[in-house]
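Me: Please look closely at the contact between the chains, and then describe the architecture of each partner.

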2 protein chains.
Amino acid sequence: MPRFLASPVALQVIDAILTAPKLYLTSHIAPDGDTMGSTLGLYWGLQQIGKQTRIACADPVPASFRFLPGHELFKAQLPEPDELIVIPDASDLQRLGSIYDAALYANRPLINIDHHVTNVCFGTLNWIEPAAASTAEIITELLDALGVQIDETIAACLLTGIATDTLGFRTNSTTADLMETAARLMRAGASLPRIIEKTFNTRDLADLKMQGQVLAAMRTEDGLIWSDNTVQMRRAAGASESGGAGMGNTLLSVQGVRVSVVFIEKNNRQVEVSFRARAGYDVSQLAFRLGGGGHPQAAGCLLSASLEQAHELVLPLTRALLNGHAAAHGV
Amino acid sequence: MPRFLASPVALQVIDAILTAPKLYLTSHIAPDGDTMGSTLGLYWGLQQIGKQTRIACADPVPASFRFLPGHELFKAQLPEPDELIVIPDASDLQRLGSIYDAALYANRPLINIDHHVTNVCFGTLNWIEPAAASTAEIITELLDALGVQIDETIAACLLTGIATDTLGFRTNSTTADLMETAARLMRAGASLPRIIEKTFNTRDLADLKMQGQVLAAMRTEDGLIWSDNTVQMRRAAGASESGGAGMGNTLLSVQGVRVSVVFIEKNNRQVEVSFRARAGYDVSQLAFRLGGGGHPQAAGCLLSASLEQAHELVLPLTRALLNGHAAAHGV
């Protein structure tokens, strides 16, 4: 039972793809499983129906996604004038990073397929489905509509998108429909245990030690929990810049906590701020105001600031969000 | 499509339950989501078909399962002579703890429904399905066969068993069949996000700090990783005796690690040893030899020993397991 094909723009997207002679698909920077899996799933589907297609990403494919069939085809390459540009899973064009070129993108069709509620609708066709837990679910239906047979290769790519964006079926967006789509992709040959093994179970020892440090630095007050991931801590643990990232969900899992914030001090005097919220709280607007974006329950932004400045800017806003919510609910 | 009803013993179990005037169901000690969810799911199903049923557990219901409908019905009570005893999810009778009474259990029918490969078949009817990721999946099919309509209450209990025993769909035993059963229980009204919230996302702050300490104490060598959870560490973190338990999967997620061991020093000079293994390695036999049991990928035992003695006993055996595996594969 399709959930997203009822959208009026879906038919226009299908028509544009079917009539395009050549296509160019691009993932977003800091690529995650959903942008990589959606791009590759669509790529293999288009191969099956005889479309000439190239795929691009400004950043290298992270080690944990190098098991995906076709990952080596990602290149930091620009679109050609005769290619139809399709962008899965990016909420704005800045998410394309260094391979976004305003002149090259001007005055041409641009297909934007995404599930982020903060998507700024930068395309000429914008197929945005915030009810989807992952862009991969939208791509699954798109491929069905294009007449593609979802084989093991495509299924592995799409299930990677679904499994990673739901944090392994743990988000509030995990529905019976989603579980059935996952089961269908498994029946088509995708191995969920293998995807879990590759994406969740290949932690670096130094990164895990780093996580221990982030846990040790936790502070809490009235439903808010936060911690730091500093250059100094990473140096002590021997961890990489990405080491210990993604702790926001762990912090959020503490009883009574409603919003978690992790401040990741980058090596270049920037601070990446990662927000997570329980159902009923929306951190996407907060992240959006700070120049970032995301989902109500998971969002982030990048600040040009010291760690201390980031605390001073972000923590009062987060407290206000929690208090505003309490006020709105008469608590 | 039933997977387990084809077992010849299934029909005998169904017949025994249908003809029993009264039933007594009991969960195992240190109750987990599968024993609680399976017992309660079966309980509510039997209520629906008019059976007089009582449920028992030697230990109190852990806080994280007190959302399950009927959890307050668990009592440390003994079976009556006219009750049919049904034991879901226990690999041996010692798992019943203080409410096991050899005299009361002698010379009477005993129904053993389980998915642990190390089950010792203590029942008069032993319905053991090691291919099931959880006992709850077997109970789902049993209820279908009994003519029970799986409603929201029953579905919530059974989905809790499935979601917890697969560590949230992360074990190798997570199949398309299992995902479809999960989807079916969600369609019947069970909320997976709520179950995840209650069982995975209600961590204690002190316990999480304790986890940071367990991570800090990690040691690795050639595919083996281990750590300690000591009385002293728990005291420093302000954590309970169960604080920081369940770190085995986190340790196992480190790249290159094949077996993890966590030594939990109890407050009474006993050491609980928790083993986790990647696919292709079997720690259940090792745990079984040490007086415990479990699954190939997750097993444990309880030693009356000091922490140092436990290290000296367990680590060489674990190294031998890894080396034996290497030798068997000509590595």
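Reply: Two residues are taken to be in contact if their C-beta atoms, placed from the backbone, lie within 7 Å. In this predicted model, local features need pLDDT of at least 70 and side-chain atom pairs pLDDT 80 or more, while totals for chains, interfaces and linings use all residues. Residues are numbered from 1 along each chain as its sequence is written, with chains lettered from A and ligands numbered from 1 in the order written.

The interface brings together 32 residues of chain A and 32 residues of chain B. On the chain A side, at least two residues each come from helix 6 (176-187), helix 7 (192-199) and helix 8 (205-216) (DSSP runs numbered from the N terminus: helices H or I, at least four residues; strands E, at least two). This side of chain A comprises 16 nonpolar, ten polar and six charged residues (Asp, Glu, Lys and Arg are charged; Ala, Val, Leu, Ile, Met, Phe, Trp, Tyr, Cys and Pro nonpolar; the others, including Gly, polar).

Chain A itself divides into domain 1 (8-199) and domain 2 (205-328), with bounds from an automatic or database assignment. Their centres, taken over C-alpha atoms, are 27 Å apart. Seven residues of domain 1 of chain A and nine of domain 2 of chain A form the contact between them; the domain 1 side has two nonpolar, five polar and no charged residues.

In chain B, five strands form an open, parallel sheet in the order 2-1-3-4-5, where pairing requires at least two DSSP bridges. Its edges are strand 2 (52-56) and strand 5 (125-128) of chain B. Four bridges link strand 1 (22-26) of chain B with strand 3 (83-88) of chain B, and B:Tyr24 stands opposite B:Ile85 in strand 3 of chain B.
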